[in-house]
Amino acid sequence: MATEIERKFLLVSDAWRALISRSEAFRQGYLSSSKRASVRVRIADDTATLNIKGMTLGIQRPEYEYKIPLPEATELLDQLCERPLIEKTRHFIEFGGKLWEIDEFHGDNAGLIVAEVELDAPDDVIPMPAWAGADVSHLERYYNVRLTQYPYSQWSAEERG
């Protein structure tokens with residue numbers, strides 16, 4: 001079984017911006033989400049994928065991803081995916097021997113910026129950059145699938161931290 005092990009963090013400064021090695025524009029939507037799994041379509045620059053991810057809460061979840069034709073992904077996003085779509089720019093940063101992915105959201109989730117780092121094992125120790133803040137890995141509201149159901153623009157000041 002394919003497994004994703006990932007931790008998510010809020011950011012405490014913009015110091016990460018000076019470390020960006022590259023960025024990609026993402027447009028993604030969900031065809032289905034249930035208590036067991038979500039089915040996502042994503043276009044990242046000129047690459048399209050279909051992704052199936054388990055809805056287990058926490059840092060370790062089953063995940064499967066398959067390339068699909070770009071025109072079909074566009075049709076799925078435009079015609080079948082739940083609204084709002086997730087629009088974001090993903091920035092890539094190498095830090096402490098790990099690839100950090102900083103998601104800067106746009107549209108209904110504008111203002112939300114989350115850092116993610118994939119791990120080899122759930123108990124991996126990772127060097128923490130000074131710009132990484134609170135660990136929100138176990139807070140479901142930060143999952144992209146939840147951001148289509150309850151966008152950041154609707155969060156209260158308390159939820160935004």
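## The largest pocket

In this predicted model, the largest pocket has a volume of about 440 Å³. Its lining is made up of 27 residues, and those lying nearest the centre of the pocket are Glu4, Arg40, Arg42, Glu63 and Arg90. Two or more lining residues come from each of the strands β1 (3-11), β2 (22-33), β3 (37-44), β4 (47-54), β5 (60-67), β6 (86-95) and β8 (113-118), and likewise from the helix α2 (144-149).

Sorted by class, the lining of the largest pocket holds 15 charged residues, together with 6 nonpolar and 6 polar ones.

## The second largest pocket

The second largest pocket has a volume of about 180 Å³. The residues that line this pocket are Leu10, Leu11, Ser13, Asp14 and Trp16, then Gly111, Leu112 and Ile113, and finally Tyr142, Tyr152, Arg160 and Gly161. By class, the lining of the second largest pocket divides into 7 nonpolar, 3 polar and 2 charged residues.

## Tyrosine 152

One of the residues lining the second largest pocket is Tyr152, which is found in the loop between α2 and α3 (157-160). With a relative accessibility of 9%, tyrosine 152 counts as buried, because the cut-off for a buried residue is under 20% relative accessible area.

Leaving aside residues up to four places away in sequence, tyrosine 152 touches Asp108, Asn109, Ala110, Gly111, Leu112, Leu147 and Arg160. Among these contacts, Gly111, Leu112 and Arg160 also belong to the lining of the second largest pocket. Glutamine 79, by contrast, is 73 residues from tyrosine 152 in sequence, and the two C-alpha atoms are 23 Å apart in space.

## The protein as a whole

The protein contains 3 helices and 9 strands, and along the sequence these elements follow the pattern β-β-β-β-β-α-β-β-β-β-α-α. The radius of gyration of the protein is 15 Å, close to the 15 Å that the globule rule gives for 161 residues, so the protein is as compact as a globular protein of that length. Along the principal axes, the C-alpha trace of the protein spans about 40 × 35 × 30 Å.

Of the 161 residues in the protein, 43% are buried. When contacts with a separation of 6 or more are considered, 58% of them are accounted for by residues 24 or more positions apart. The protein exposes about 8300 Å², and carbon and sulfur atoms supply 51% of that area.

Key
Residues numbered from 1 in each chain as written. Predicted model: local features only at pLDDT ≥ 70, side-chain atom pairs only at ≥ 80, totals over all residues. Heavy atoms only, no water. 1 Å grid on protein atoms, 1.4 Å probe; cavity = no way out; pocket = protein on both sides within 12 Å on 5 of 7 lines; lining within 4 Å. Points joined across faces, edges and corners; volume = space filled by probe spheres on them. Helix = DSSP H or I, 4+ residues; strand = E, 2+ residues; numbered from the N terminus. Nonpolar A, V, L, I, M, F, W, Y, C, P; charged D, E, K, R; others polar. Buried < 20%, exposed > 50% of the residue type's maximum accessible area, 1.4 Å probe, protein only. Contact = heavy atoms within 4.5 Å. Rg over C-alpha atoms; globule rule 2.2 N^0.38 Å. Areas by Shrake-Rupley, 256 points an atom, 1.4 Å probe, with all protein chains shown as cover.
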